[in-house]
Every structure is written in C-alpha cells, then in structure tokens.
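Here are some exercises to work through with the model open beside you. Try each task before reading its solution.

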Amino acid sequence: MSLASFIKSRLIPADLDQHINRIRKPIGSLGYDPWGYNNEVIKYGFALTKQLYEKYFRVEAHGVENIPAEGPVLIIGNHSGQLPIDGILVGYALASRKEKPRIPRAMIERFFPTVPWLGNLLNEVGAVLGDPVNCAKMLANDEAVIVFPEGIRGSGKLYHDRYELKRFGNGFMHLAMKYKAPIVPVGVVGCEETIPAIANIKPLAKALGIPYAPVALPVVLPAKVHLNFGAPMYFDDLEIPEEQVTDRVETVKAEISRLIDKGLSERKRLF
Amino acid sequence: MTKQRRPHILVTGAAGALAQKVINQLRDHCDLVAVDFREQVYLGDDIPSYCIDFNKRVFEDLFRRYQFDGVIHLGRIQSSQLTRMRRYNANVLGTQKLLDLSHKYGIKRIVVLSTFHVYGAVAYNPALIDESAPLKSAGLSADLVDSVELENLANIYLWRYPELNISILRPCNIVGPGVRNTISTLLASERAPVLAGFSPMMQFIHIDDMADAIVLAYRKPTRGVFNVAPQDWVAYQHALKLCGCKRIPIPSVPPLVPRLILRTLKLRSFPSYLIAFFKYPVVIDGRAFAKEFEFQPKRPLKEIFRFYRDNKRPV
C-alpha cells in the first residue's frame with residue numbers, strides 16, 4: 001500500500017468516501033471541473049470539516065432541508081469572523097445532510113487566487129472566484145451556490161459591530177432572477193465570536209495587498225455556531241427597475257436578519 | 001462529360017505537425033497546396049509545397065496559378081520562434097496579405113487557427129470563458145501582441161467581407177505526437193518547472209482531434225469565432241505527474257522573483273512571457289463549436305498523458 005493510500009484509508013472512512021461519490025458532480029475524466037473542484041481533495045476537506053463542525057464549533061443547523069434537492073439555488077447569508085469559516089460550515093451542513101446531500105460552491109474574494117497553495121486548495125474544495133460570470137455559469141450548471149452579499153464589508157467587521165448587517169450588493173438578485181434560482185436565506189450566529197477583532201490596520205492591509213488586517217488574537221475561538229436556514233424565496237424574472245431589485249434584496253436581508261435574531265435567542269452561551 | 005472539379009485549398013504552416021494531419025485528412029478529396037514561411041516540406045508528389053514569405057510578390061502567383069476555393073491558415077509563428085519584429089511581420093502583415101489576396105481572388109472559405117493565449121492569464125479570469133470575452137493578452141505581454149493582432153485582423157475581415165466565410169478557431173493547448181509547442185515540450189520532458197503553490201486548471205486537445213476539428217470547420221461554412229476545447233479539465237501539476245515528469249518548483253512570490261529567475265535562465269521550455277499561464281487558469285468554453293460543428297473529441301486526457309509517459313526515452 002502506498003503512503004498516499006494509507007493516509008487516505010486512515011483519514012477517510014469508507015462511508016464518507018461513498019457519501020461523496022454518491023453526490024454526482026459534473027466532473028471530467030480526471031475528477032476535476034472547470035473551476036478546479038476535485039472529487040478526491042474534497043474528501044479530505046470533508047473529513048477535516050466534520051471534526052471542526054461537530055467537535056470544535058458544535059454546529060446546530062436548522063432547516064437545511066429547505067434547500068432544494070436539485071436545480072440552481074443561491075444560499076445567501078450574513079458574513080462574519082475575518083476568515084470564511086461561515087461558508088465552510090454552511091457548505092458542510094448541506095453536503096452532510098442525510099436526505100439528498102449536495103456539495104455547494106462558495107464565492108470567494110478576488111484576493112485568494114493570487115495566494116500560493118491557498119488559492120488552489122480553495123478551488124479544489126469547491127470555492128470559486130467571486131465573479132458574476134462564474135456565478136452565472138454555475139447556476140446554469142444547476143449548482144447550489146453560497147454567496148455572502150456583504151463581501152469583505154461583512155467578514156472584516158469589528159467585534160462591536162457584530163450581527164449588524166452591512167450593505168448588500170444587488171448582483172445575486174439579478175442572477176437569481178435571470179436563472180430562476182430560488183434564494184435560501186441563512187442566518188449565521190456564532191462566527192462573529194470565533195475571531196473577534198478590535199481594529200483594522202488599513203495601511204498594513206494596503207501594504208500587504210490584502211482586504212483588511214485585523215487586530216485580533218491569533219487563534220480561532222471555539223464558539224458554538226447556530227445556522228438557521230429559511231424557506232426558499234422565489235422571484236420572477238420580469239424586467240424591473242433597479243429600485244425594485246433593491247427592494248427585493250431588502251426583503252432577503254430582512255429575512256436573514258430575522259434568522260439571526262432567531263439564532264441569537266436560541267443561543268444559551270457563547271462557547 | 002466533365003469531371004467535377006475537386007476543391008482547391010491552400011494550407012499554410014505546412015511544416016507543422018497539425019497542418020500535416022489536416023493535409024492527410026483532406027488529400028483524397030481535395031487538391032491541396034502547402035505553404036510554409038519557415039521551411040519547405042515534402043508531402044508527396046501530388047501536393048505542391050512551397051517555402052514563401054507571404055509578404056513577397058511571388059505569393060500572389062500561387063493564387064493565380066491554382067485558383068483556390070479555400071484557405072486553411074495554420075501558419076501562425078509561435079511566440080517561441082523568431083524575434084518579436086519578424087514574428088509581427090509574419091503573423092500580422094503576412095496574414096493581412098493572405099486575407100487581401102483571398103478577397104481579391106474570390107476565396108469562399110477561410111479557417112484561421114488562433115490560440116486561447118489571446119484571452120490572457122489573469123487572477124480574475126472566470127472559468128469557461130466564452131468567445132465574447134475581451135482579449136486581454138495584448139495588455140499583459142508584448143510577446144503575445146502579434147497573436148491578438150492576427151485575431152483582430154481576421155475579425156475585421158470576417159465582418160467586412162462576409163463572402164470570405166471566415167471562421168477563427170481558438171483551441172486550448174494542442175498536444176500529442178509531433179507537436180513542438182511549449183506545453184508539449186514540457187509534458188515530454190523529464191523535469192518540468194512549476195511555480196510553487198500554483199497549479200492552474202488546463203485543457204488539452206489531442207493533435208488528431210484538433211485536425212478533425214479544423215476539417216469539420218472547413219467543411220461547414222459557418223462564420224464566426226469559436227473556442228475549441230474538450231469538456232475535460234486537469235490541474236497543470238497533476239498533468240505533469242500523469243506524464244511522469246519530475247516537478248521543479250520555482251519560488252512564486254513576490255511576482256518579481258519568478259520573472260527574474262526565468263529571464264536570467266532564459267528557459268525556452270518555460271518562457272517568462274507565458275509565466276502567467278502557469279499561474280492562473282484560462283479555461284475556455286468549447287460548447288459553441290461542439291454544437292455548431294457536431295464535434296466530439298475522441299482521445300481522452302488519460303490517453304494523451306499515457307503517450308507522454310511512455311515516450312520519455314525514445315528508442
């Protein structure tokens with residue numbers, strides 16, 4: 001047995017291997033898709049995330065069955081916590097559900113593809129450069145896509161602004177309308193406490209070419225995370241003025257806000 | 001009773017392996033004339049072969065003598081060949097001459113071979129780039145300007161003279177036996193450089209499939225620009241592994257370092273102007289071509305890589 005297959009046998013149990021293989025993805029003969037997703041690498045990612053999800057963050061997910069079993073769908077949530085931990089947990093919740101699991105794709109910052117190793121690794125586990133063309137092509141491919149419309153405004157927010165929704169972009173609504181994709185809102189509670197930041201050193205971020213440079217502890221705290229998925233929201237694809245699109249975005253934002261409040265009220269303690 | 005006239009076709013870039021495959025597919029049904037800018041090749045007694053600079057006056061004599069019906073322009077000088085100035089003359093001015101003569105002598109079908117390099121490799125490239133995407137390469141590397149100019153020129157003629165029926169094909173990496181481009185040389189080598197931490201998605205098409213695609217395109221006079229790529233993808237470093245290459249990592253950050261290393265070493269197999277293509281993916285969408293011309297590649301990636309793995313040490 002080669003070293004690689006030995007490591008694989010130790011890290012990836014047979015049922016996990018079967019679980020991933022059962023989720024059919026449109027991939028080529030060598031296990032890749034055009035965005036770099038790799039069916040073998042995701043198994044390692046899945047095994048690692050399972051530990052984080054169940055043991056470290058002890059995630060409680062409600063309503064994950066609201067995500068349709070097939071067809072294009074946008075999973076829209078609130079972004080928080082300096083690192084994209086929320087995206088990973090939301091993705092795992094869907095990929096590990098008992099009934100009709102799916103491996104969703106997450107839209108990531110434009111900064112990541114320029115980072116050696118990390119950019120490729122993120123692509124291999126299903127993350128995709130956050131470009132409207134990518135999102136459109138993926139919805140056309142019937143994928144489930146996770147989008148945080150707040151972008152870095154959300155993930156880079158400081159601890160005193162926690163659970164305050166920043167401005168949402170309208171791009172996701174246009175795509176949802178064009179591809180007739182339902183929107184499943186999700187309220188993420190707990191990720192704000194994983195890496196609480198007290199300040200952002202803007203000159204340092206600029207010098208390093210990164211979106212923000214938080215002043216925070218160099219550890220990820222084991223906060224308990226609550227994910228609350230709402231009912232799918234459907235929008236027609238009529239030609240409407242931008243103002244009305246913004247109104248629709250506000251409806252989604254209000255629903256996410258409600259789901260966050262639900263999570264906050266369910267939460268007994270931070271850790 | 002007069003015998004029906006066989007189509008007369010001019011094939012450029014005849015010294016290349018791809019052109020010879022195309023010629024072999026067409027020679028039974030067409031009267032071919034082979035031309036190459038670089039060298040004269042022997043293609044059998046039935047195919048006249050010339051080594052001519054398109055910018056010379058004698059080139060026009062071919063059009064007068066053979067009364068072509070179509071042109072298959074595969075003679076783009078690659079960025080690894082000639083100097084920048086001579087390449088510009090050959091690719092841009094030469095192609096212009098070819099298209100002018102085609103218009104003058106009433107050619108009815110032209111297929112121009114371009115490359116996916118014209119899209120340019122940048123970190124923000126989405127995947128499945130379609131034909132309407134801007135050609136960013138010219139702004140990124142002076143060594144790819146002539147390829148973009150060639151395309152633009154063909155595009156101008158495509159719209160200005162619809163009767164020429166120009167189709168421009170932008171294939172992904174063409175590989176396989178006989179191919180001498182950068183990527184094929186890398187896959188065939190014992191040791192191949194990689195940029196540490198970067199393994200972009202790539203697409204490969206077998207030379208025989210590409211020859212099929214060109215012949216299919218020639219036979220159906222649909223004008224337009226088409227990407228040609230199979231529906232299969234692989235990461236660069238994974239491809240090297242499957243080809244049995246040892247990977248030599250080159251430090252990749254900050255961006256100045258690999259550029260400096262490659263410029264100093266002047267590696268022909270890993271040219272500094274293609275560095276971005278080994279860092280960021282340029283994944284093209286070949287579905288429009290596949291649908292329009294009913295094209296289906298027959299050689300899977302595994303077969304392509306097996307060829308390179310088995311031919312590391314030719315006997």
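**Exercise 1.** Decide whether B:Gln203 is buried or exposed, then work out what surrounds this residue.

*Solution.* Step 1: B:Gln203 has a relative accessible area of 2%, so B:Gln203 is buried (buried is under 20% relative accessible area, exposed over 50%, partly exposed in between, with a 1.4 Å probe and protein chains only). Keep in mind that this is a predicted model, in which local features need pLDDT of at least 70, side-chain atom pairs count only at pLDDT 80 or more, and totals for chains, interfaces and linings use all residues. Residues are numbered from 1 along each chain as its sequence is written, chains are lettered from A and ligands numbered from 1 in the order in which they are written, and side-chain values use heavy atoms, with hydrogens and water left out.

Step 1: Helices (H or I, at least four residues) and strands (E, at least two) are DSSP runs, numbered from the N terminus.

Step 2: Look for contacts, meaning heavy atoms within 4.5 Å. Leaving aside neighbours within four places in sequence, the partners of B:Gln203 include B:Cys172, B:Trp233 and B:Ile284.

Step 3: A polar atom of the B:Gln203 side chain lies 2.8 Å from the backbone nitrogen of B:Ile284. A polar contact is a pair of N or O atoms within 3.5 Å; within protein, one must be able to donate a hydrogen and the other to accept it, and residues adjacent in sequence count only if both atoms are side-chain atoms.

**Exercise 2.** Find the side-chain partner of A:Asn39.

*Solution.* Step 1: Go to the loop between helix 2 (14–22) and helix 3 (41–56) of chain A, where A:Asn39 lies. Step 2: With 12% relative accessibility, A:Asn39 counts as buried. Step 3: The side chain of A:Asn39 makes a polar contact with that of A:Tyr37, at 2.8 Å. Step 4: Not counting residues up to four places away in sequence, A:Asn39 touches A:Ile20, A:Asn21, A:Ile27 and A:Gly31.

**Exercise 3.** Which backbone oxygen does the side chain of B:Ser189 reach?

*Solution.* Step 1: Locate B:Ser189 in the loop between helix 6 (182–188) and strand 8 (191–195) of chain B. Step 2: The oxygen belongs to B:Leu186, at 2.6 Å. Step 3: Beyond neighbours within four places in sequence, B:Ser189 is in contact with B:Cys245 and B:Lys312.

**Exercise 4.** Look into the backbone geometry of A:Trp117, A:Lys180 and B:Pro254.

*Solution.* Step 1: Start from the general rule. Most residues other than glycine have a negative phi, and most peptide bonds are trans. Step 2: A:Trp117 has a positive phi, near 65°; this residue sits in the loop between strand 3 (105–108) and helix 5 (118–124) of chain A. A:Trp117 is exposed, with a relative accessible area of 58%. Step 3: A:Lys180 has a positive phi of about 50° and belongs to the loop between helix 8 (171–178) and strand 6 (183–189) of chain A. A:Lys180 is exposed, with a relative accessible area of 58%. Step 4: The peptide bond from B:Val253 to B:Pro254 is cis, with omega near -10°. B:Pro254 is in the loop between strand 13 (246–250) and helix 9 (256–265) of chain B.
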